[in-house]
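Student: Hi, could you walk me through a model I have just opened?
Tutor: Happy to, let's bring it up.

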Amino acid sequence: MIAASAKRAVNYTESLLKGVTSENYARFATVNGEKIESNHPAFVLGHLSLYSCRVVEQLGGDASAITPTAEFEKVFSHLVKCVDDPDGNIYPSLDVITERYYTGLNQAIAALESADDAKFSVVNPTEQARAKFPTIGAMHAFYVGGHTMMHLGQMSAWRRCAGLGSAS
């Protein structure tokens, strides 16, 4: 059940990336000459790429290939603010970010689909999130469902502000 949302996110991301280029992926959109300080594709996909390893690890898989680098943690953590990158020297390249995002999300999907149902009712090991998401299943449903779609919604709004129109 949880993997179905993640699969939808993969397809939606593909649509959202149409028209996104190495020149605009890490830039704030501009509307009527004013920069709109909202999360751009670089930040959205880089930030989302940080969470797939948690899904894989907590379901007993090997997440070493998708564990975020220190560079990714530094620029995409929930503790940092998305910034405009006109010179292209803050964020990794679009290809690097999308590769990490898709590889991680696809590995999380595989872990979700192959996990025994009993694993989803285990108490959430992340203490600070346990009140909102009491089980691993609740946490992972958020990571690949609500959290992902919330940020992809930001990317959808960015597209429209950037003049790329609807993704559908």
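This is a predicted model: local features need pLDDT of at least 70, side-chain atom pairs count only at pLDDT 80 or more; totals for chains, interfaces and linings use all residues.

Tutor: Residues are numbered from 1 along each chain as its sequence is written, and side-chain values use heavy atoms, with hydrogens and water left out.

Student: Great. How many helices and strands are in the protein chain?
Tutor: The protein chain has six helices and two strands, in the order α-β-β-α-α-α-α-α along the sequence. Both kinds are DSSP runs numbered from the N terminus: helices are H or I with at least four residues, strands are E with at least two.

Student: What share of the residues is buried?
Tutor: Buried residues make up 46% of the 168. Buried means under 20% relative accessible area, exposed over 50%, and partly exposed in between, with a 1.4 Å probe and protein chains only.

Student: Let's switch to α5. What distance does helix α5 reach?
Tutor: Helix α5 covers residues 94-114 and reaches 30 Å from its first C-alpha to its last, close to the 30 Å expected. The expected span is 1.5 Å times one less than the number of residues.

Student: Which of its residues are buried?
Tutor: Among them are Leu94, Arg100, Tyr101, Gly104 and Leu112. The cover over the buried residues of α5 includes α1, α2, α3, α4 and α6.

Student: You mentioned α6. Is His151 in that helix buried or exposed?
Tutor: His151 is found in α6 and is buried, with a relative accessible area of 8%. Leaving aside neighbours within four places in sequence, His151 is in contact (heavy atoms within 4.5 Å) with Asn39, Val44, His47 and Leu48. The C-alpha atoms of His151 and Phe43 are 9.4 Å apart, although 108 residues separate them along the chain.

Student: Last one: what phi does Asn32 have?
Tutor: Asn32 has a positive phi of about 50° although it is not a glycine. Most residues other than glycine have a negative phi.

Student: Where is Asn32 found?
Tutor: Asn32 is in the loop between β1 and β2, and Asn32 is exposed, with a relative accessible area of 81%.
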